[in-house]
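Please consult the sequence and the structure while reading.

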Amino acid sequence: MPRELNRREFLTTTGLAVGALGVASRTAHAQTPAKAGGTLISAQTTEATGLDPQLVPALSRSRRSPLTYNQLVRFDPDMTPQPELAESWQISPDGLTWTFKLRQGVKFHDGQEFTSADVKFTFDRLLEKSQSGKSDFNAVDKVEPAGKHAVKFVTKEPFAALVAALGGFWGFIVSEAGVKKYGDLNKNALGTGPFILEDWKVEQQMVFKRNPNYWKKGLPHADELIVRVIPDEANIVAALRTGQIHHAFIEDNKNYNLLKEEKSLTPYRSSRLGYDYLNMSANRGPLKDVRVRQAISWAVDRSQVMRVATAGFGRLTAPATAPMKQWQLPEEQWMKYYKPDVEKAKKLMAEAGVANGFTVKCMVIPTFPTMVSGAPVIAQQLKRIGINMEIENVEYAIWIKRWQAHDFDMTMNSTPGYADPDVAFFRALHSTKGQNWNSWSVPAVDALLEEGRRTMDPKKRKEIYDRLQIAILENVPHLWLYSADLIDFTQASVKGFRQHPTALLYGLEGASIDKA
Amino acid sequence: MGRYVVVRLYSMALTLMGLSVLVFLMLRLVPGTVVEQLIGADAVVNAAMAAELKRFFGLDQPWWRQYASWLGSLAHGDLGTSWRTGKPVIALILERLPVTLELTAFAVGFALLLGIPAGIVSATRRDRVVDNVTRVGTLLGLSVPVFWQGTMLILFLSIYLRWMPPVVWVDFFADPRRNLTIMLLPALCLGTASAANVARTTRACMLDVLGSEYIRTAAAKGLRPRLVILKHALRNALIPIVTVLGLQIGILLGGTVVVEEVFTLPGVGRLVLWSIYQRDYPLTQSTILFVAVMFMTVNLAVDLLYAYLDPRIRY
């Protein structure tokens, strides 16, 4: 059971014993042959805004995509890339051409064969239509079939993160026939994945049937899958207790305590690839001054924020989170930046000429529990250095608009995370070629980001991203607050479910209901 | 009577016109549009795509032109097409209306079954234990918010009885038993405040009527108390109760928004709520108007019912 080992290993090496981290989850891996059949009911609080894997950037979409679609490459729960629709791949000596050999005999839900034309269609459409998706594949010049069952990705410059991007949120392969038939794929789904979308009643439930021609023999186990939306998590907790649902993803980590003692349930807890952060606009008032941002970083006690926001079920994190494994800095290099030091913060404030403090506004989305509980803690801590942080409750739709327009001083924020440091940092932090989440510009950081993208040698890449992370910690674009643990519960009768660090629902294809 | 109905219909039309303007403008005062919802938080601001979508939804037009075009299609009996689902609004409403109507009907039934007997008993046993208990009970019923009551019921039952209503919705005609199991708690929650209201009104009206002379006469000529109360007193006390009930139905139709959300029932209430979050203007606007028409129709029906209950009333 590699996942379990890795988690324990991680726990012992980091020694970050916060809260109940030492508690190993009673994970249930299938030891007896899985039972086929039955209806599996899974619940969550948020409905998908749309289903098109190439047009909808929301996590609610990405989470559901693996139910109906496959990628060329899939990251397993240890975040190691595994062949999926691509059986193998090779890089040309100049590092500019990647050739993927495709799996044969794979069929889309409508019975059509999966070929290299579909891969080309998928990425042509993505690059044309999707601004967010495109930013994962910026370096890709073109995608060309090389025969029916092979495909070439030609890049403008060496692009080390290609495999990570293919296994990321924007790598799902769609069918040309499906797009022609439905226009967009927001209300329908036509992929090669384990389940076929049969019915969707918005804000109620999606009903999926087992894909009888799924290329992974014997999967999925359940005949039917219902993904139910239950907006109030208290009701999800009740539904788990009373056996009304088989599986739920828990958003509010405090609920772990309510359910962990239930004998009829199996708890799952693991590190998340994503993290929560305090997003700052570095072009606003005193926040322009790096010393002020450093002062904020020294004043915020991240452990305290995490304890309140996640009930202790999480961990502090370097810019590269724990599931990014080899990319994470050694703990002693980043933890020293997280030791609260109010005196140092005050001194920096004085040097920046704002010894008397100032007022900033911080946006919070009321439906995100970690934001709601984390923000007041930060406000209290910043008060100690004279910063008056006013919390603004902003409804999601408005928040999106303001976030896109960079119209905020600060906001609590959360990101699902990315496997590769290029994808994880370039888009967020590059001042001109990315989304520049913090409206900042640090030429040294831009240079490191570009160098990392071009460098193919893993060892050199590692050095670059180590340096980058230190530069980030020094220049404080935003505060990496913590990475909340991923928490799922299933009925004890459910076997074979596995969590994934991205929170995507890859784990349901292997889940079965053991009625005995 | 015919003339009265015509006047009422005329005033209904005026009210609806006013409401349509109000709903239309209020929605547009809320920041954010369907376009941001579609492009999402993670997207790089893509001006071209946003402009294209705005044009597609007609959001690039001035508001009065958008309003006129909505009104125009309403005049043709077309409630419009939902932006987020691509389905006709009327189809979405009709798909969900049975749930809301069933819920409202059960809640009204519960309010009547509990409220009227409680009111009568309370009035006839004035200032005794049973009256005091009822009065405190009704006060509680009126003041406990429905969302809290719903959540507490679910929590309590799931912890202590290991039971909660099934979470996957079943139509009444597909499986009546399961459907009723799902409906029981929501109807109870929704009906509590109404039951309290009906009980209080019944008590007050009964006390009023019981003090009048014809009741004393009826009792004096030796009629059984049961007959006096149910036939002579109750029928005369019914008019205000019916009024309260009529208004309650309107409140209940609105209250279903909260109850449907707490119990995740696929009714019109959740549809409206979702459409507001999604900034699906045609869906929100037309559904609210639809509910308003229902509310007004119920009130008109109640007013017409007076004439039946009290033959002295003429329109």
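Predicted model: local features only at pLDDT ≥ 70, side-chain atom pairs only at ≥ 80, totals over all residues.

Q: What is the order of the open sheet of four strands in chain A, and what is its pairing?

A: The order is 4-5-7-6, and the pairing is antiparallel.

Q: Why are strand 4 and strand 6 of chain A called edge strands?

A: Strand 4 (86–91) and strand 6 (140–145) of chain A each pair on one side only. Neighbouring strands of this sheet are turned by 20° against each other on average, with direction ignored.

Q: Which strands does helix 3 of chain A touch where it packs on the sheet?

A: Helix 3 (residues 116–129) of chain A touches strand 5, strand 6 and strand 7 (150–155) of chain A. The direction of helix 3 makes about 155° with that of strand 6 of chain A. Angles over 145 degrees count as roughly antiparallel, so these two directions qualify for that term.

Q: What is the order of the open sheet of seven strands in chain A, and what is its pairing?

A: The seven strands are ordered 8-9-10-1-11-19-12, and the pairing is mixed. At the edges are strand 8 and strand 12 (265–270) of chain A, each of which pairs on one side only. On average, neighbouring strands of this sheet are turned by 20° against each other, direction ignored.

Q: In which sense do strand 1 and strand 11 of chain A pair, and over how many bridges?

A: Strand 1 of chain A pairs with strand 11 (residues 247–250) of chain A in the parallel sense, over two bridges. The cut-off is at least two bridges, so this pair meets it. A:A43 has A:A248 in strand 11 of chain A as its bridge partner.

Q: How do you know that strand 18 of chain A is mostly covered?

A: A residue is buried if 20 or more other C-beta atoms lie within 10 Å of its own. In strand 18 (residues 478–484) of chain A, seven of the seven residues are buried, so the strand is called mostly covered.

Q: Which strands pair with strand 18 of chain A in the antiparallel sense?

A: Strand 13 (residues 275–280) of chain A pairs with strand 18 over four bridges, and the bridge partner of A:D276 is A:Y482 in strand 18. Strand 14 (residues 314–315) of chain A is joined to strand 18 by two bridges, with A:G314 opposite A:A484.

Q: What makes helix 2 of chain A mostly covered, and against which strands do its buried residues pack?

A: Nine of the 10 residues of helix 2 (residues 59–68) of chain A are buried. Among them are A:L59, A:R61, A:P66 and A:L67. The buried residues of helix 2 pack against strand 8 (195–201), strand 9 (205–210) and strand 10 (224–229) of chain A.

Q: How many residues of chain A are in contact with chain B, and which element gives the largest share?

A: In chain A, 37 residues are in contact with 34 residues of chain B. The largest share of that side of chain A, six residues, comes from helix 14 of chain A. By class, the side of chain A that touches chain B has 18 nonpolar, 12 polar and seven charged residues.

Q: How many helices and strands does chain B have?

A: Chain B has 12 helices and zero strands. Of its 315 residues, 35% count as buried. The C-alpha trace of chain B spans about 85 × 60 × 35 Å along its principal axes.

Q: Why is helix 9 of chain B called roughly antiparallel to helix 10 of chain B?

A: Helix 9 (residues 213–220) and helix 10 (residues 225–263) of chain B pack at an angle of about 150°, with their axes 11 Å apart. Angles over 145 degrees count as roughly antiparallel, and therefore helix 9 of chain B is roughly antiparallel to helix 10 of chain B. The crossing of helix 9 and helix 10 of chain B is right-handed.

Q: Which residues of helix 9 of chain B meet helix 10 of chain B?

A: B:Y214, B:I215, B:A218 and B:A219 in helix 9 of chain B meet B:V228, B:H232 and B:A233 in helix 10 of chain B. By class, this contact has six nonpolar, one polar and no charged residues.

Terms used. Residues numbered from 1 in each chain as written. Chains lettered and ligands numbered in written order. Buried ≥ 20, exposed ≤ 12 C-beta atoms within 10 Å, placed from the backbone. Contact = placed C-beta atoms within 7 Å. Nonpolar A, V, L, I, M, F, W, Y, C, P; charged D, E, K, R; others polar. Axes fitted to C-alpha atoms, helices over the stretch in contact; angles between N-to-C directions. Parallel < 35°, antiparallel > 145°, perpendicular 65-115°, else oblique. Left-handed = near helix turned anticlockwise from the far one by under 90°.
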